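Please read the following briefing with the sequence and the structure at hand.

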Amino acid sequence: MSAKQEPVRILAPHSFRDVLSRRALLQIGAGSVGLTALLAACGSDSKSSSGSTAETAGSTATSGSTASSTGGSAAAGSILGDYSTVVNKSSGTLAMYTWGDYNDPSIVGDLADNELGITMKVDYYASNEDLITKLSTANGNSGFDVVVPTGPYIPQMIAKGLLQKFDKSKLANIVNVDTPYLGQDWDPTNEYSVCKDWGSTGWMWDTTKIKGDIASWKDFITAATGEASGNVSVLDTAVNLLGMYCWANGLDWNTEDSAELDAAEKFLVDEFAANIKAFDSYPSTKIAEGAYTLSMAWNGDARQAFSRIADAGGNPDDWKWALGSPDTELWMDNYCIPAGAPNPDAAHAWINWLLTPQISVKDLQYHGYNSGMKNMPALIAELAPDLTLGDMIFFSDEQVKSMHTQKITSAQDRIADIYNKVKAKAGG
Amino acid sequence: MTAAAITPGSTMAPAEATHTAGPNRRKKPDVLRIVLAVWCGLVMVFLFIPIGLVILHSFNRGGSFSIWSGHTSTKWWGTLFDSDTVLPALLTLVGITVVACLVPLLVRVTTGFRHKVLSQWAGPLGFLVGVIVVGMTSDWFRNVFREKGIGDAMRNSFIAAIGATLVAVVLGGLAGVALARNTGWWNKPFMIVVFLILVTPEIMDAIALAGWFQRVPFRLFTKEFLGFAPGMLSLWVGESLYASAVVTLIVRARLAGIDASLEEAAGDLGAPPGRAFRQITLPLISSALVAGGLLSFTICLDNTIIAQLVSNAGSSTFPVFLISQLRSTVKPFVGAAAVVLFAVTVGALAFVAVVLKRSGDSSSQIAATLAGG
Amino acid sequence: MIWYVLFFIVPIAFIVVYSFGAKDSSQRIPVDLSSPSFHNYGEAFSKTFFTTFTATIKIAVVATVLTVVIGFPVAYFLAFKVQEKWRAVLLALIIVPSFTSFLIRTLAWRIPLAPNGTLSTWLQDWGVISGPISVLETRTAVQIAIVYNYLGFMILPLFVALDRIEGVLREASKDLGAGRIATFMRVTLPLGGPGIAAGVLLTFIPMCGDYVTATVLGGAKGNMIGALIDSQFKGAQNWPLGSAIAVLMIGAVLAVLAVGALVVFGTQAVLRRRRRVDIGLVGVSS
């Protein structure tokens with residue numbers, strides 16, 4: 001147990017070094033991470049709680065009388081000691097309605113069975129609107145226990161009575177979520193929702209087809225209407241298209257100003273639409289197929305694109321990713337419990353479990369979006385040292401400052417209308 | 001039409017024979033025939049390209065269905081299936097079937113007598129027994145899939161499609177008979193309704209029904225029923241809608257060619273309506289029902305949009321699963337799952353075809369009614 | 001009948017009623033019926049949607065024609081030129097592909113059509129094409145896949161119709177001195193007409209409402225009305241507009257079929273009466 005900082009530093013992923021804050025390193029050092037504990041944590045890939053070190057872990061549970069501490073890899077002195085790791089057992093079936101490919105299959109499968117005592121049934125939707133349509137038409141009778149809407153959609157879901165309030169006594173691990181990701185505009189007190197993960201928007205381009213750097217939304221538009229014209233994909237959401245225009249022109253993307261919106265419509269419909277090849281929210285696969293040369297993309301999907309390009313026999317180095325600049329989006333998907341959920345107890349247990357650092361990071365490695373845990377760099381260094389392309393998951397404070405969440409405003413119908421016109425124009 | 005419809009295939013053979021027999025007309029090889037054969041072959045290739053690709057790509061080693069990594073691997077099949085469960089179940093099934101096929105041979109060897117009925121039915125019966133035995137001895141259908149979500153989805157797809165097909169065949173069959181035999185005032189409106197069902201976009205049915213099932217009197221359709229997952233009942237209703245219209249048309253077309261005198265004769269001879277229906281009408285439309293059933297089954301199995309909105313938690317089907325994956329990345333095991341679905345469907349149909357053939361139905365008759373002409 | 005009333009007419013009627021309302025996304029059912037109007041129909045006719053409308057009809061008509069052109073020789077071959085024992089096998093081969101999931105078949109088309117795909121590379125190596133295939137996300141891709149998806153539904157009815165033509169009739173025609181082409185034009189084609197009609201019904205209608213093909217392969221350029229209606233109901237949460245477009249689409253499909261039926265009636269007076277049921281109905285209901 002001779003703790004040294006050296007091995008820790010080596011184990012931290014290369015791409016991650018910039019982001020690793022000094023504080024995190026100090027913490028790891030101060031905590032005197034045992035090398036064995038570290039290795040145990042690294043090796044605990046298939047099963048997060050080995051229980052072997054549970055004795056030294058002590059009780060890290062902060063609350064909840066029914067809780068049983070997992071202990072597990074929360075070894076003494078490990079960074080995990082700083083987290084709440086309450087796991088509430090539950091029973092029965094838990095039906096989750098979520099985005100495709102959004103959880104590590106082993107977490108949803110055997111692990112949930114073994115650690116929580118619940119059997120998962122997972123169904124998938126393809127857009128927030130699908131989810132809302134489904135829940136509204138089912139009128140509280142959909143049979144789902146957990147849903148994962150994106151932040152801005154939550155107020156209307158609350159207004160329609162589609163969600164129920166959390167029983168916070170069952171969500172002890174909510175303290176693990178870093179404060180910037182709590183209390184968002186759409187749910188200031190986290191009564192209905194808690195962050196699953198969040199991401200941002202940027203673009204990818206083929207450097208063999210497009211010369212020059214694309215550093216800002218302005219550059220993006222220039223390239224899209226120029227060299228990449230006809231081979232551009234944009235995210236299949238109305239706001240992201242508007243966002244592109246607004247950020248390129250220094251406007252607020254939540255603008256309600258009708259003159260600004262008119263100008264946006266004029267530009268998007270008359271000048272931009274004809275260059276669009278597809279409205280595609282997950283372009284990674286098609287990038288690898290060679291369908292686009294420039295794609296607006298969410299960071300997690302863009303990150304996957306690199307491995308797909310390699311898969312398809314292409315050269316990933318031909319492609320570059322950039323985060324939207326000077327401003328860009330911050331979206332956040334949230335765990336919620338729909339009204340009329342048949343097994344809310346299991347739902348709470350599940351959400352709480354996903355907020356334990358071990359499970360959260362395990363899931364993160366699968367989907368590639370930041371799950372918003374406190375002190376993420378240290379957590380990754382300890383639990384997932386071989387994570388690649390970390391700079392596409394985690395952003396510097398400066399970058400995070402440039403990100404803005406979407407607000408549902410009175411301009412919503414107007415934006416949808418613009419988007420319809422863009423789509424029609426792009427198709428014509 | 002009656003004669004031609006019942007044995008459409010047999011009329012051709014003699015015609016073709018006389019055709020080729022004409023000495024003055026067929027000196028050189030039939031160029032048209034060769035051209036057509038080539039064309040037909042090309043169309044077949046066209047039809048099977050995607051299927052071959054689906055099978056190939058289910059062995060893709062890369063992480064995405066549509067991108068070929070250049071290497072084959074069975075890892076995605078391993079992801080999909082739990083080999084500890086699949087292998088014994090398959091082996092048992094094959095074993096029992098083979099044994100059953102050997103029985104007639106054994107009988108023949110030992111007694112020296114070839115039992116015709118036995119040799120015909122041993123195979124299918126053995127297969128059935130095998131399915132039952134495997135099903136009883138292990139709960140393989142619960143454990144066969146390692147990937148829970150897609151396993152449930154595939155199972156749901158089958159249950160939903162079979163149920164919906166039954167509903168469609170019963171309803172469509174009755175409606176078809178009624179339309180062909182009665183000429184009341186409601187005949188035309190009914191026909192218009194059937195036609196409207198055919199042309200209404202699915203999303204409209206979907207939205208309408210999804211809301212409809214939440215109204216109090218219909219709530220029970222979304223509840224659990226006889227051990228089927230909640231929502232399965234409403235899936236049956238929803239998916240069978242379009243299919244039943246198709247069955248109606250096919251049955252109606254089948255009966256339109258045969259006048260009602262047969263049933264009337266039965267009635268005159270003192271048969272009660274129920275018996276006349278059972279003994280005269282049902283045999284007449286049976287091939288139409290089989291054909292309609294086949295068509296319904298494929299339609300129901302592919303139903304995406306209605307299934308998406310009408311299904312409940314835990315009753316969503318394979319296409320619903322697939323379409324949600326489309327928005328992100330389709331993994332190669334989805335291809336594997338599709339291949340399995342395909343194999344099971346074709347296997348089941350081949351089984352039905354064998355049974356039908358052994359009981360004296362001709363396959364081209366099935367095809368004939370399939371199209372409803 | 002009661003079944004249909006319960007599960008089709010009444011629910012659909014509600015949706016049709018929605019088409020006169022206005023969007024109100026604060027409610028569970030996002031429709032405000034307080035001031036009914038035809039506003040949505042006006043909007044549905046606006047240029048935005050009309051382009052998609054016409055594009056869809058165009059794709060469907062072209063695809064229907066293509067399926068007839070591709071399918072007819074196959075059906076003809078099956079009906080007249082093939083030995084009995086092969087016929088069942090070939091028929092089975094035509095039906096079998098439709099037992100794979102529709103979605104996965106459509107998705108599989110992305111593989112050969114991909115610009116970086118194997119086919120594209122081969123063709124470039126052989127010098128057949130100069131650049132990579134750029135078909136994906138266009139109407140061409142949708143067109144190819146839609147023809148593929150519905151070809152079986154066209155061949156089967158064609159085959160059945162042709163199969164019922166008594167060989168004797170064709171023999172008689174030839175004996176009376178008619179050439180091959182004349183026999184084909186005067187005997188085979190008219191008698192095969194009902195098959196074409198049935199095939200058109202089985203392909204054209206679902207094509208118009210097709211949602212999957214356009215979504216999977218269409219990109220921005222290949223959008224079809226089925227996907228548009230879907231996006232109105234779900235994406236835009238605009239049920240009234242979606243409903244109005246759907247009603248218009250039903251009308252348009254019926255109109256196209258009616259026109260088609262009229263053409264057939266005009267030119268093919270030879271049609272046997274009882275075979276006319278399906279076509280006749282189109283005339284009645286539109």
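The points below are grouped by topic.

This structure is a predicted model. Chain B comes to 17 helices and 0 strands, while the secondary structure of chain C comes to 14 helices and 2 strands. In chain A, the briefing turns to a pair of strands, strand 3 and strand 4, that run parallel.

- Chain B has 373 residues, of which 46% count as buried.
- In chain B, 77% of the contacts with a separation of 6 or more join residues 24 or more positions apart.
- Chain C has 286 residues, and 56% of them count as buried.
- For chain C, residues 24 or more positions apart make up 71% of the contacts with a separation of 6 or more.

**Two parallel strands in chain A**

- Strand 3 of chain A covers residues 93-99, and its pairing with strand 4 of chain A is in the parallel sense, over 7 bridges.
- Within this pairing, Met96(A) has Val122(A), in strand 4 of chain A, as its bridge partner.
- Strand 4 of chain A, residues 119-125, is mostly covered, with 6 of its 7 residues buried.

**Helix 3 of chain B**

- Helix 3 of chain B runs over residues 31-57, and its 27 residues should span 39 Å at 1.5 Å a residue.
- A bend of about 40° occurs in helix 3 of chain B at Phe48(B), and the proline Pro50(B) follows within four residues.
- Pro50(B) is also among the buried residues of helix 3 of chain B, as are Cys40(B), Val43(B), Leu47(B), Leu53(B), Val54(B) and His57(B).
- An α-helix has 3.6 residues a turn, so residues three or four places apart point the same way.

**Where chain C touches chain A**

- The contact between chain C and chain A takes 26 residues from chain C and 26 residues from chain A.
- Helix 3 of chain C, residues 47-80, supplies the largest share of the side of chain C that touches chain A, namely 5 residues.
- By class, the side of chain C that touches chain A consists of 10 nonpolar, 11 polar and 5 charged residues.

Conventions. Residues are numbered from 1 along each chain as its sequence is written. Chains are lettered from A and ligands numbered from 1 in the order in which they are written. This is a predicted model: local features need pLDDT of at least 70, side-chain atom pairs count only at pLDDT 80 or more; totals for chains, interfaces and linings use all residues. A residue is buried if 20 or more other C-beta atoms lie within 10 Å of its own, exposed if 12 or fewer, and partly exposed in between; C-beta atoms are placed from the backbone. Two strands pair if DSSP finds at least two bridges between them. The expected span of a helix is 1.5 Å times one less than its number of residues. The bend at a residue is the angle between axes fitted to the seven residues ending there and the seven starting there. Two residues are in contact if their C-beta atoms, placed from the backbone, lie within 7 Å. Ala, Val, Leu, Ile, Met, Phe, Trp, Tyr, Cys and Pro count as nonpolar, Asp, Glu, Lys and Arg as charged, and the others, Gly among them, as polar.
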